[in-house]
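Please open the model in your viewer and keep the selection panel at hand. The stops below each begin with something to select.

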Amino acid sequence: MIRNYFKIAWRNIRKQKVFSLINIIGLTIGLSVSFIIGLMVYYDYNFDKFHKDGDQIYRVVSDFHSPEGTFYNSGVTVALEDAIKDNSNFEIVSGFYIERPASVQNKEKNIKLKWPKHVIFTDPDYFDLFQYNFLAGNRATALSNPNNVILTTKRATDYFPDLLPNEIIGKTLVYNDSLNITVTAIVEPFKEQTDFVFEEFISGPTLLKTRLRGNFLDKNWNSTDSNSQLFVKVNKQVNFQKIQEKFNALANEHLDEYSRNHGQSKEFKLQPLNDIHFNKNYGIYDWEQGQASKPLLRNLALVALFLLLLGCINFINLNTAQATRRAKEIGIRKTLGSSRKQLIGQFLGETFLLVLFSAILSLILSKWLLTLFSDFISEDIDFQLFSNPIIIISILVLIITITILSGFYPALVLSKFNTITVLKSNIAVGERKNSLRKFLTVFQFTIAQVFIIGTLLVGKQINFLLNKDMGFKTDAVVSVYSPRGERQLDKKKQYLQKLQSIPQIKQLSLGGAPPASLSSNTTTTTYKTKEREIQSDLQFIFGDIDYPELFELELLAGRAHRNDTIKEIVINEAARKVYGFKTPEEAIGKSIDFGDYTVPIVGVMTDFHQRSLKSEIRPMALRGDWDRDVFSRFQAIHIAFQNANPDDLQSTLSKIESAYGEVYTDIEDYRVNFMDETVEKFYKREQKVSKLLNWATGLSILISCLGLLGLVIYTTNRRVKEIGVRKVLGASLLQINTLLCKEFLILVGIAFMVAVPIAWYGIHNWLQDFAYRTNISFWIFLISGCLMMLFALLVIGIKTFQAANANPVNSLRTE
Amino acid sequence: MIQITDLEKFYRTEEVQTIALNKLSFNVKEGEFVAIMGPSGCGKSTLLNILGLLDDPDAGSFKFNGEEVAGYNERKRSDLRKHNVGFVFQSFNLIDELTVFENVELPLIYTGVKPAERKKRVEEVLEKMQIMHRRNHFPQQLSGGQQQRVAVARAVVNNPKLILADEPTGNLDSTNGNEVMDLLIELNEAGTTIIMVTHSEHDAKYSHRIIRMLDGQKVTENVLV
């Protein structure tokens, strides 16, 4: 019987080529997108799920509460580890410190890695907490002594390309040109998805031989470094309340006087292992991987769901619309003894076959989609994942669900036909009741319409962000950074001098980050008068005396700082307002308390955007490099060009690079940033959203229009005789076209009415993320409505024009 | 085999109620060949639908093999129908997507006959109907007479006790029509009860008894044999 079902299903699919194609395209798009998004969800939700007793492992993190809000830090004070080590709630307490050495060298082979990533200083407990597979060396003793290191096989291959794990044991690596460290073990990196990306594990006590020695000897409760990480494994009978009480007591006991007086407090918290991958407040260890976002995954899943629904709707609409064609078959089958259940089974079987076929096509398409959406998708998500048993089962469940979702209603409708009626007249009862079909068409076009409005408005906002005046010069400016860790000012000045000789360069400035960047440096400051004391966070930009002119920062009062090392600041308007100065002039000469010393305000500049337009302008000051003896803040040379002619630009850039090579020799460290590209980077996420929306819109329009085309083809075919009669009676082409289009255009119109408030609400919410927003203009809705109508009209027109143009003699004769 | 007593059937629309069968009573014995005649709208087809267990009467009694079946639910009716009744329609009602063989095989599938047995029985009946050479053709590829032969083959493949034929020659020319009637006679002679609705006096003469109807009632009954 099943064979019979499949046979007839296959013949039906072949016989109704256009409808089958429409169904298959719709379902294939929906399924492909679902597969990819499913893979992404599966991938992200399976991070660090493989650790033994993973549900008992937590990271200890720090939350700082102040009147300005809560600030999060994934690290803890170094002192905390000792303070909780003996707590009976913990089975294991293990800390590690992330430090990127400037270089690591295998002197024997003369192999040197600069700034290797993922290096930590830790203790043997780390390997009790996380179960690595040791390929060589002794797990128990590998990190017992100072100057020992465990390498992963991946890192071992970098340093010792020709040696087997056993042969590497006992070899020496030189860190930062001076520290000799012996390799004591080789481990396999985790094969599963993990945020624990570390490749080199140096024994904890070795830290005392580095520049960080001071931090570890002086266990300061008031210093929290995000590189200082602490993990615990709790007991099975853990009392979380007791742990939190202990944490609170410790935080409170060690709170300094200043914080207490200013309403600030600190809180230690346990962060579950499975939260690390998603929680942006505390971050992950490899920023390049990009942190997973639950809201993004949820939105992607919604897109997949909508596209799938659109495909299902096409299926339901086309199948119920064609019911009459199947009516006779149903009547005969019923007469010959088929039960309704058997008929439902048969139609579901047909649907299954179609969905299965679409699923196979989707699998093939997925391979291509994985590259197309590489911006969203981790490199580790590859086609191989489809061989994972959980993914296979999920796909099967999805196929069955889609089969039921698409096939059940048509099966119910078709199997309900009255045998006698359909055999007598070939017209199915209930065929005229197409209100569900209308509803589904409206639903489909509502989704497509919401996507169109969303795309246009997101595009408008991104355009607004990119083109809004940042308040300083962003075009034809680049910043060249000194090599990481470069401390010598002479070299920077030498480079500056070399650049001065390039005629295409208009101006140069030595400084810190450009006015807008992703890095920030903030200090809490106080402005004291006899009557009051105003406290405010003050963000700094660092630059020499040419910095304001190069970036065209406008001074409202006073002047710039006199030289690089003098303690003077130029504040922005936001800072002036916070400190309570009524005019820019009033601020000049006033001193701001920095805690250890006071600094006079010598100038007030206009506000500019220091970050993306998502955030408000914050109080800021431009300052020199007055503590350069301890740590120079001038890490970049900013360059303004004479003009932005692309040909000129290329040659100037190569001159800048070769000058760099003359000063620093090691050209590998050369880093150059274009200011306008930096601004663009602020909106990387938004641009990704926009790309995704473009695709979702295109696909939803395609599926919906195909569905519409199917319905139009069906309706016009059914009305061939009517069209013929009308033409014979003198109806014009336009009249017939209007007649045929009207009913569909009304549906698209209703969809527009429904979509407008939904899209408005969604975009309004999305825009709340931005401090500066474009208008939700009326014309956007109008354009999107017109676009949708145009698409629909085109699709409908293809068929109706053909039908209206046909010779009525033919249609009347066939009748 | 069939006993109907005071059978009634109404069709209602919002405004009017039409009486299709009005207290109709008659019996059909096993092995009989009965023709039912009458003008259009006299209730012949309604009667055939009820006799074929496709429809339910609104009142009266309908005994099939001594069992009261009026009021049976769809499932019970379907069960009884697929084992006991074969249909031959004026417009053949073959499934266009299935081949001749598959069309004839269909009733056997629904009664759960095993594939090997199905093949044997379908081939037998196709041989008998002299349509074996067309077994892999689709209905559209056959002439009207051939299509009706397939329909008859399908009606008898399950060895039903009763065959209901609704104008079986209505769409055929006289030669093909006569062939179909000969087939029905053959089946009847082999013991199958046949009830045939027809407008054709010629066809009716093949039967043992003619029941004439008007306005849902029996007007005359002529025994021919």
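Select residues 744-764 of chain A, where the chain is 100% helix and 0% strand and the end C-alpha atoms are 30 Å apart; helices here are DSSP runs of H or I with at least four residues, strands are runs of E with at least two, and both are numbered from the N terminus. This is a predicted model, in which local features need pLDDT of at least 70 and side-chain atom pairs count only at pLDDT 80 or more, while totals for chains, interfaces and linings use all residues. Residues are numbered from 1 along each chain as its sequence is written, and chains are lettered from A and ligands numbered from 1 in the order in which they are written.

Next, select residues 300-318 of chain A, a span that is 100% helix and 0% strand, with its end C-alpha atoms 27 Å apart. An unreviewed UniProt entry places the feature "transmembrane region" at several spans of chain A, including 300-318 and 744-764; the positions follow the numbering used here, feature names are shortened, and annotations may be inferred rather than shown by experiment.

Now select A:Leu307, B:Ile36 and B:Ala153, the residues with the most contacts inside the largest nonpolar core, which has 147 residues. Such a core is a set of buried Ala, Val, Leu, Ile, Met, Phe, Trp, Tyr and Cys residues joined through C-beta atoms within 7 Å, where buried means that 20 or more other C-beta atoms lie within 10 Å of the residue's own, with C-beta atoms placed from the backbone. Helix α10 (residues 294-321) of chain A contributes the largest share of this core, 14 residues. Around A:Leu307, look for A:Ile29, A:Gly30, A:Val33, A:Leu699, A:Ser700 and A:Ile703, which it touches when residues up to four places away in sequence are not counted; contact means C-beta atoms, placed from the backbone, within 7 Å.

Move on to the boundary between the chains, where 17 residues of chain A are in contact with 18 residues of chain B. On the chain A side, α1 (2-15), α11 (323-335) and α14 (419-425) each supply at least two residues, and α1(A) gives the most, with five.

Finally, select chain B, which has seven helices and 10 strands and whose C-alpha atoms fill a box of roughly 50 × 40 × 35 Å along the principal axes. Of its 225 residues, 47% count as buried.

Notes. Buried ≥ 20, exposed ≤ 12 C-beta atoms within 10 Å, placed from the backbone. Contact = placed C-beta atoms within 7 Å.
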